[in-house]
Amino acid sequence: MPGDAVVLRNTRSILEKYGLQPKKALGQNFLIDRNIRDKIVDAAAITGEDVVLEIGPGVGTLTEELARRASRVIAVELDGGLVRVLRDRLPPERVAVVEGDVLALDLPSLLGEGSPIKIVANLPYYITSPIIFRLLEWPRWEMMVIMVQGEVADRLVAGPGTKAYGSLSAAVALHARAEILFRVSRRVFYPQPQVDSAVVRLLPRRDLEVDLQGPSLLIRAAFGQRRKTLANALAAAPWNPLSKEETEKVLLAAGIDPLRRGESLRPEDFLRLWMEFQRVGKIQDVAGRKGE
Ligand code: SAM
């Protein structure tokens, strides 16, 4: 396809011009297919009103198209060499290129107060899950369209009782409706990765009027110790001041057998269980404990 060849040549020649090599350690597999690029941007239904956060813009393949359609793009890139490329190539009045680690940035102060933000990204595979966990808990996003490894996409949409179900699946299900839009061959990246990818769209759930920080803590504790029973895994969590016996009582009061394992719980079970933990009264302030 002629379109592909054009983007590939551009990507390679841009890197060469700036004396850059793709860095495996930063998950640099650049998208080189225009059709896929356009399908990703189309999926986010960008209008002239939208502010878009792009994570890991690379040489700006997606960014260019986002900038054409959105009112403003904030593009966060860790690699200083690529930041130079982006600042040369993209119109500064439409694209703010921010140099930094998306996991370390203070999103509220970067993006300010205001209207909701769409997130579009071909995510670096080595930190996909931490990025998604972080974004989910940030209240300003109205849509995410993200490209991830195929196996991660399966986890994002997996239900309880399936092999792919894990902490990411439960956290996503609590915060969002997730849908795999299409699969993407490994052949459309430079350099070519080992596995195929998929594009997933997430829309925030509006039906849960609860703070999800506590349930998210529970999910992490339950899946962090997968082979332990729930009672053991939760009693060992650093935020939980209750003894194992007290923790078992909370589980029973929530209608959950303490001998079950986290992977059998549905997202709503985590919600109910958190409410029960709060009712017992010793766990209230979870702010600032998210890293535990
Ligand atoms: N968006 C580009 C594309 O589609 O061709 C590049 C995608 S590449 C899979 C991931 C990008 O994320 C790279 O540009 C990489 O340098 C950047 N990156 C890696 N770790 C990052 C981090 N912690 N914060 C921000 N960007 C990061």
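Visitor: Is methionine 144 buried or exposed?

Guide: Methionine 144 is buried, with a relative accessible area of 0%, where buried means under 20% relative accessible area, exposed means over 50% and partly exposed is what lies in between, using a 1.4 Å probe and counting protein chains only. The model is predicted, and local features need pLDDT of at least 70 while side-chain atom pairs count only at pLDDT 80 or more, although totals for chains, interfaces and linings use all residues. Residues are numbered from 1 along each chain as its sequence is written, and side-chain values use heavy atoms, with hydrogens and water left out.

Visitor: Which element does methionine 144 lie in?

Guide: Methionine 144 lies in strand β6; strands (E, at least two residues) and helices (H or I, at least four) are DSSP runs, numbered from the N terminus.

Visitor: Switching to the ligand: which residues come nearest?

Guide: There are 23 residues around the ligand, and those that come nearest are Gly56, Glu77, Asp101, Asn122 and Tyr126, where a residue is near a molecule if one of its heavy atoms lies within 4 Å of it. By class, this shell has 12 nonpolar, 7 polar and 4 charged residues. In that scheme, Ala, Val, Leu, Ile, Met, Phe, Trp, Tyr, Cys and Pro count as nonpolar, Asp, Glu, Lys and Arg as charged, and the others, Gly among them, as polar.

Visitor: What lies 2.6 Å from an oxygen atom of the ligand?

Guide: That is a polar side-chain atom of glutamate 77. A backbone N or O atom of leucine 31 lies 2.9 Å from an oxygen atom of the ligand, and a backbone N or O atom of valine 102 lies 3.0 Å from a ligand nitrogen atom. A polar contact here is a pair of N or O atoms within 3.5 Å; within protein, one must be able to donate a hydrogen and the other to accept it, and residues adjacent in sequence count only if both atoms are side-chain atoms.

Visitor: How much of the ligand's accessible area does the protein cover?

Guide: The protein covers 99% of the 600 Å² of accessible area that the ligand has on its own, with areas taken from the Shrake-Rupley method with a 1.4 Å probe. The elements that give two or more residues to the shell are β1 (30-31) and β3 (72-77).

Visitor: What about aspartate 79, where does it lie?

Guide: Aspartate 79 lies in the loop between β3 and α4, and at 6% relative accessibility aspartate 79 counts as buried. Aspartate 79 also caps the N-terminal end of α4, with a side-chain oxygen 2.8 Å from the backbone nitrogen of glycine 81. Its C-alpha atom is separated by 9.1 Å from that of lysine 23, 56 residues apart along the chain.

Visitor: Which residues of helix α4 are buried?

Guide: In α4 (residues 80-89), the buried ones are Gly81, Leu82, Val83, Val85 and Leu86. Helix α6 (residues 128-136) is mostly covered, with 7 of its 9 residues buried, including Ile131, Ile132 and Phe133.

Visitor: Now the loop between α2 and β2: what does the side chain of aspartate 50 reach?

Guide: The side chain of aspartate 50 reaches the backbone nitrogen of threonine 47 at 2.8 Å, and aspartate 50 is buried, with a relative accessible area of 9%. Alanine 45 lies in the loop between α2 and β2 as well, and at 43% relative accessibility alanine 45 counts as partly exposed. The phi angle of alanine 45 is near 45 degrees, a positive value in a residue other than glycine.

Visitor: Last one, which residues does a cis peptide bond join?

Guide: The cis peptide bond joins tyrosine 190 and proline 191, with omega about -10 degrees, and proline 191 lies in the loop between β8 (189-190) and β9 (197-204).
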